[in-house]
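Subject: Structure handover

Hi,

Here is the structure for you to look at.

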Amino acid sequence: MSQTAAPRYDLHAHSTFSDGTMSPAELVAHAARQGVAVLALTDHDTTDGVAEALIAARRNGTSVVPGVEISVTWDRRTIHIVGLLVDPDCQVLQEGLSGLRRFRRWRAEEIARRLSKAGIEGALEGARKQAAGSSIGRIHFARFLVEKGYAEEMRQVFKRFLVKGKPGHVRGEWATLEQAVSWIRAAGGMAVIAHPARYRLSAVRLRRLIGEFREVGGCGIEVVSSSHSRDDCFAMALQARRAGLLASAGSDYHGPDNPWIELGRIPPLPDGCLPVWESPSWRLYEVPREGYPLQFHSERWPRG
Ligand code: AMP
Ligand code: MN
Ligand code: MN
Ligand code: MN
């Protein structure tokens with residue numbers, strides 16, 4: 001691929017359908033402004049924003065990759081698996097995701113109960129208001145707590161209230177690694193380990209995660225991510241090469257209120273990586289002219 005013609009890929013971003021602050025249409029318009037040619041919408045445990053993103057993409061010439069970021073419990077910790085090019089109408093995928101959203105609803109109540117024991121009332125209603133109809137994540141509690149003055153900013157509020165050992169923490173009981181990968185594959189998609197350096201796994205554990213992920217049919221790791229340092233990117237590039245996995249890249253953009261992260265503003269993949277978008281299974285979905293959702297599913301989505 002020639003340097004100048006190389007499209008800019010951002011394969012990890014969130015909308016108001018999970019914990020982002022821009023609607024899918026706003027996100028796609030923003031991608032176009034940022035010069036992103038190919039944007040994956042990867043909301044937590046839902047693909048409900050994909051339809052809107054695809055319609056918006058057709059309006060402004062950006063390509064949208066239907067995606068999802070699935071919450072997984074692996075070795076008693078939470079890991080995220082990104083699915084790219086998933087068919088949102090795949091029943092296996094949707095049943096899996098709806099189970100995770102059910103857990104989210106229960107967890108939200110449990111977080112609120114625990115916060116109330118710590119003297120913070122009204123958290124469920126507050127988080128619900130923040131989520132505005134989408135399923136509730138910890139970010140919605142965090143925004144509520146900041147608004148009420150319990151902390152000054154997001155990092156602080158997570159650290160004080162929402163992580164292990166803190167009053168509002170509830171242990172994740174998400175999908176297994178195998179389930180997440182199998183749902184993504186049933187939907188014709190490619191499974192990628194999201195921001196692997198963020199989990200702070202020991203070298204041995206990281207190798208085990210990558211090994212098990214490959215065994216169940218995972219195909220790539222997110223080498224470039226906003227939560228990775230430069231060194232992390234190089235280390236993850238080595239991991240991908242060693243394991244024979246493809247490399248992905250995404251900003252994990254959640255909206256403009258985090259000034260440190262911008263859509264499309266990510267470094268290029270280190271040399272020696274095999275980008276997911278150059279693999280033979282990568283095919284950009286063409287938005288049908290007749291309009292979504294009439295013919296979203298077609299033979300274009302290979303199952304496996
Ligand atoms: P959940 O899936 O509801 O448990 O929420 C996980 C999300 O919370 C992540 O995707 C991030 O968007 C956000 N998050 C986690 N830790 C932090 C942190 N320390 N500061 C800001 N946001 C965070
Ligand atoms: Mn998030
Ligand atoms: Mn994540
Ligand atoms: Mn994410």
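Below is what turned up on salt bridges.

First, the ground rules. This is a predicted model, where local features need pLDDT of at least 70, side-chain atom pairs count only at pLDDT 80 or more, and totals for chains, interfaces and linings use all residues. Residues are numbered from 1 along each chain as its sequence is written, chains are lettered from A and ligands numbered from 1 in the order written, and side-chain values use heavy atoms, leaving out hydrogens and water.

Side chains of opposite charge can pair when their charged atoms come close. The structure holds 7 salt bridges (a side-chain nitrogen of Lys or Arg within 4 Å of a carboxyl oxygen of Asp or Glu).

One of them joins Arg208 to Asp75, with the closest N and O atoms 3.9 Å apart. Arg208 lies in helix 8 and Asp75 in the loop between strand 3 and strand 4, so the pair ties together parts 133 residues apart in sequence. (Helices, H or I, at least four residues, and strands, E, at least two, are DSSP runs numbered from the N terminus.) Both residues also belong to a network of salt bridges with Arg205 and Glu212.

Arg113 pairs with Glu110 at 2.7 Å. They sit 3 residues apart in helix 3, about one helical turn. Arg113 is partly exposed at 42%, while Glu110 is buried at 14% (relative accessible area: buried under 20%, exposed over 50%, partly exposed in between; 1.4 Å probe, protein chains only).

Asp252 meets Arg198 at 3.7 Å, N to O. The two are 54 residues apart. Asp252 is buried at 6%; Arg198 is partly exposed at 42%.

Best wishes
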